[in-house]
Amino acid sequence: MPPAPSWGQMIAASTNWYAVVPTYFLIPGAFLFLLVMSFTVLGDRLHSMLDGETRS
C-alpha cells in the first residue's frame, strides 16, 4: 500500500527538483502556508469572540 499523500511529503520529495522546477516546491508550500494562516486567523477570531473583546 502506498503512503498517504500529504503536503509535507510533497515538499520533502521536491527538494531534489527545486532548482529545475520550483513549482514542485512552491505550490504545496503555499497551500501549507495558507492552511496554517487560516487556522491562526480562525483561532484569533474565536479568542476575541469568546473573550467578549471588541476590535475595530
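Val-20 is found in the loop between α1 and α2, where helices (H or I, at least four residues) and strands (E, at least two) are DSSP runs numbered from the N terminus. At 59% relative accessibility, Val-20 counts as exposed; with a 1.4 Å probe and protein chains only, buried means under 20% relative accessible area, exposed means over 50%, and partly exposed lies in between. Val-20 and Ser-48 are separated by 28 residues in sequence and by 45 Å in space, C-alpha to C-alpha. The model is predicted: local features need pLDDT of at least 70 and side-chain atom pairs count only at pLDDT 80 or more, whereas totals for chains, interfaces and linings use all residues. Residues are numbered from 1 along each chain as its sequence is written, and side-chain values use heavy atoms, with hydrogens and water left out.

The chain contains two helices and zero strands. Its radius of gyration is 17 Å, well over the 10 Å that the globule rule gives for 56 residues, so the chain is more spread out than a compact globule. This radius is taken over C-alpha atoms, and the globule rule is 2.2 Å times the number of residues to the power 0.38. Along the principal axes, the C-alpha atoms fill a box of roughly 50 × 30 × 10 Å. Of the 56 residues, 7% count as buried. The chain exposes about 5000 Å², of which carbon and sulfur atoms supply 71%; accessible areas come from the Shrake-Rupley method with a 1.4 Å probe, and for residues only the protein chains shown count as cover.

Helix α2 has 29 residues and reaches 41 Å from its first C-alpha to its last, close to the 42 Å expected at 1.5 Å a residue. The expected span is 1.5 Å times one less than the number of residues. Gly-52, whose phi is positive, near 75°, follows α2. Ser-48 lies within this helix, which covers residues 23-51. With a relative accessible area of 13%, Ser-48 is buried. A polar atom of the side chain of Ser-48 lies 2.9 Å from the backbone oxygen of Arg-45. A polar contact is a pair of N or O atoms within 3.5 Å; within protein, one must be able to donate a hydrogen and the other to accept it, and residues adjacent in sequence count only if both atoms are side-chain atoms.

Ser-14 is placed in the loop between α1 and α2 and, at 4% relative accessibility, counts as buried. The side chain of Ser-14 reaches the backbone oxygen of Ile-11 at 2.9 Å. Leaving aside residues up to four places away in sequence, Ser-14 touches Tyr-24 and Phe-25, contact meaning heavy atoms within 4.5 Å.

Rings of Phe, Tyr and Trp (its six-membered ring) pair if their centres lie within 6.5 Å; planes under 30 degrees apart count as stacked, over 60 as edge-to-face and the rest as tilted. By this rule the count comes to one aromatic pair. Trp-7 and Phe-31 form this stacked pair, at 6.1 Å centre to centre and with 15° between the planes. The pair links distant parts of the chain, as Trp-7 belongs to helix α1 (residues 7-13) and Phe-31 to helix α2, 24 residues apart. Trp-7 counts as partly exposed at 33% relative accessibility, and Phe-31 counts as partly exposed at 45%.
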